[in-house]
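Work through the exercises below with the sequence and the model open. Each task is followed by a solution in steps.

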Amino acid sequence: MAAQHPTPPQTPQPLLFGELVMEILSWIPAKPLTRLKLVCKSWNSIISNPHFVKLHLQRSPKNANLLVMLREISPEGEVSVVLSSVESFIRNPSSTLTAQDGCHSLGRGWVLGSCNGLVCIWDGIEDYPNDFEFHLWNPLTGFSSVKSPRLHVNKYASFGFGYDESSDGYKVAAVNLDINYTDNSWETTVEVYRFGSSSWRNIDSFPAFPLAIEEDGMYIGGTLNWLGLQNTQGGVYDWGAVTLDMLVIVSLELKSETYKQIQLPNGIDELPSHKPSLNVWGNCLYLSHDYKKTHFIVWQMKEFGDEISWTQMLKISLQHINVELLFPLFICENGDIFVLGASNGDISKIVLYDPRVNNVEHINILDKNHFAITNDYVESLVQHC
């Protein structure tokens, strides 16, 4: 019988292959990942890889964080940005907005919007009030892009910022409104800049009269959205003469740089006393307006682009809230909590409203010299030219 030789021991295989390490790291929040890059060269290589950055972004929690812009109302008023979790903000708004941790000064800059963890900031040019430059900033990593070429705009202009998935690029659109007061005529020009390119480009003009030209375009699903008036006779109009069928949402698709129009909810049965406003939270488009100066109403478009999916999320008495003016700051997922900005005379405040129990909580955190604007924000490792 042949002699039996013992089987040589096999070299144990590594338990964690590169793919498995990547998989595990992709579920870790972005902030700890910036420190884990220092663990070893291989981890730094994985975390810095563009494929990993996209994978991590896909898995990052959405609707969990806020970027709050605070502005002092004065000619030299400075802007600061506060980053916070939604949970912390709702639990204690005052402490959140006054905390130094997570607070960044922008000087006289302005936040145009946030997308995929990148914040678009525009800066005015001293001595040139109608000239602007734009750049991207990642508050988590400290990344800051090269500034865009200078853009000169008219007296009336609105901007929008968003992501074009087809080119994996970020774009700013500028809508210029030119009103000829002599004959009450108007026209628009629209320019688009893709970060990393060398110039602004003209595209087709805006197909309606920009209703709230002072408000930014709202980004959702690869589009920028503004409220507009169709079939208006001139640039100077009486709001009381506007009819419901004139109101429309103009949606600019960033991929094709073409427009489509979206109708307002059928449930709006009369013109609001003041201009409605558009917002985006949690990947849904919202329309808010007053009703007979007695109520505040918020609509949600559950499926973007589907006009049938408009759903009334909130109708609340202004008397119940006990304020003169109301506007949405953000809405928690599923409409569990509405966080509203409000004012009574010289006092600015935040109102937390829970429709499940009809509970209202007033929080006086801002004086008449400050106001706040909120943006959806997701922590990410994205760094894009």
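Contact means heavy atoms within 4.5 Å. Helices (H or I, at least four residues) and strands (E, at least two) are DSSP runs, numbered from the N terminus. This is a predicted model, in which local features need pLDDT of at least 70 and side-chain atom pairs count only at pLDDT 80 or more, while totals for chains, interfaces and linings use all residues. Residues are numbered from 1 along each chain as its sequence is written, and side-chain values use heavy atoms, with hydrogens and water left out.

**Exercise 1.** Find the buried residues of α1 and state which helices they pack against.

*Solution.*
- Step 1. Apply the cut-offs: buried is under 20% relative accessible area, exposed is over 50%, and partly exposed lies in between (1.4 Å probe, protein chains only).
- Step 2. In α1, Val-21, Met-22 and Leu-25 are buried. These residues lie on the same side of α1, because they cover an arc of only 100 degrees around the axis (the arc is that of the directions from the helix axis to the C-beta atoms).
- Step 3. The general rule is that an α-helix has 3.6 residues a turn, so residues three or four places apart point the same way.
- Step 4. The partners of the buried residues of α1 are α2 (30-36), α3 and α4.

**Exercise 2.** Describe how α1 and α3 pack.

*Solution.*
- Step 1. The axes of α1 (residues 18-25) and α3 (residues 41-48) are 10 Å apart, at an angle of about 65 degrees. Axes are lines fitted to C-alpha atoms, for helices over the stretch in contact, and angles run from 0 to 180 degrees between N-to-C directions.
- Step 2. From α1, Gly-18, Val-21, Met-22 and Leu-25 meet Trp-43, Ile-46 and Ile-47 of α3.

**Exercise 3.** Give the strand order of the open sheet of 4 strands, and identify its edges.

*Solution.*
- Step 1. Two strands pair if DSSP finds at least two bridges between them.
- Step 2. The order is β8-β9-β10-β11, with antiparallel pairing.
- Step 3. β8 (156-164) and β11 (201-203) are at the edges; each has a single partner strand, so one side of each has no neighbour in the sheet.
- Step 4. From one strand to the next, the twist averages 30 degrees.
- Step 5. β10 (residues 185-194) is joined to β11 by 3 bridges, and Val-190 has Ile-203 in β11 as its bridge partner.

**Exercise 4.** Is Pro-61 buried or exposed?

*Solution.*
- Step 1. Pro-61 sits in the loop between α4 (50-59) and β1 (65-72).
- Step 2. Its relative accessible area is 54%, so Pro-61 is exposed.
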